[in-house]
Amino acid sequence: MLMSMFFKYLASTLVIFLLAASASIKAESQGFMEGHLKIIFGMAVGPSDEMPRPQVKPQSYAEYLLIILSQEEKKEIARVTADENGNYRVALPPGNYVLDVQNRVAKHVRAAPRPFTIVSNQTVRVDMNIVIGFARIRP
């Protein structure tokens, strides 16, 4: 009886230790992706593109939610909102990802999805440029 209680105690202690170690390993193995969201306000361009473009400050970075997708399955992994200066940072497990703008087609936003790789305990920089309000006038 004493022996079985000892083994139950040992087994439960071992399970708790393994769970704690697993959580510690997961936390240590993460990497970071950080970057800057640049919003470019376009304007109509005709056959001659010599007209200077005004510099317009974006009203709100929060309007353009960034999403992180797995590179293989294109499954959504995380959502990121840039701060008031356009900067963002997120912790991710090691792997291959794609940074994109949520609903960019529906919002008529031009942006190129940006592939990137997260390595354990390292930071990768991935900046995102988006163009809104851009139209081409045919001659």
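Guide: Start with E76 and R79, whose side chains meet in a salt bridge, with N and O 2.6 Å apart. A salt bridge here is a side-chain nitrogen of Lys or Arg within 4 Å of a carboxyl oxygen of Asp or Glu. E76 has a relative accessible area of 36%, so it is partly exposed. Buried means under 20% relative accessible area, exposed means over 50%, and partly exposed lies in between, with a 1.4 Å probe and protein chains only.

A word on the ground rules. This is a predicted model, in which local features need pLDDT of at least 70 and side-chain atom pairs count only at pLDDT 80 or more, while totals for chains, interfaces and linings use all residues. Residues are numbered from 1 along each chain as its sequence is written, and side-chain values use heavy atoms, with hydrogens and water left out.

Back to the charges. The structure holds 4 salt bridges. One of them joins D100 and R104, at 2.7 Å from N to O. D100 counts as buried because its relative accessibility is 10%. R104 stands at 23%, so it is partly exposed.

Another joins R89 to E34. Their closest N and O atoms are 2.7 Å apart. R89 lies in strand β4 and E34 in strand β1, so the pair ties together parts that are 55 residues apart in sequence. R89 is partly exposed because its relative accessibility is 48%. E34 is at 26%, so it too is partly exposed.

Now the strands. The protein has 1 helix and 8 strands. Helices (H or I, at least four residues) and strands (E, at least two) are DSSP runs, numbered from the N terminus. Along the sequence the pattern reads α-β-β-β-β-β-β-β-β.

Strand β4 also holds A91. A91 is partly exposed because its relative accessible area is 32%. Beyond residues up to four places away in sequence, A91 touches Q30, G31 and F32. Contact means heavy atoms within 4.5 Å. A91 and T123 are 32 residues apart along the chain, and their C-alpha atoms are separated by 8.9 Å.

Next comes the core. The largest nonpolar core has 24 residues, and M33, L37 and I68 touch the most other members. A nonpolar core is a set of buried Ala, Val, Leu, Ile, Met, Phe, Trp, Tyr and Cys residues joined through side-chain atoms within 4.5 Å. The elements that give two or more residues to this core are β1 (31–41), β2 (66–70), β3 (76–80), β4 (87–92), β5 (95–101), β6 (114–118) and β8 (128–132). In soluble globular proteins, nonpolar side chains tend to be buried together.

Look at M33 in particular. Leaving aside neighbours within four places in sequence, M33 contacts I68, Y88, R89, V90, L92, L99, F116, I118, V124 and V126.

Strand β2 holds S70. S70 is buried because its relative accessible area is 6%. With neighbours within four places set aside, S70 is in contact with K75, I77, N96 and Y97.

Two loops deserve a stop. K74 is in the loop between β2 and β3. Its phi is near 60 degrees, a positive value in a residue other than glycine. N121 is in the loop between β6 and β7. N121 also has a positive phi of about 60 degrees, although it is not a glycine. N121 is exposed because its relative accessibility is 59%.

The loop between β6 and β7 (123–125) also contains V119. V119 is at 41%, so it is partly exposed. V119 and G95 are 24 residues apart in sequence, and 7.0 Å apart from C-alpha to C-alpha.

Last, the whole protein. Of its 139 residues, 26% are buried. Among contacts with a separation of 6 or more, 63% join residues 24 or more positions apart.
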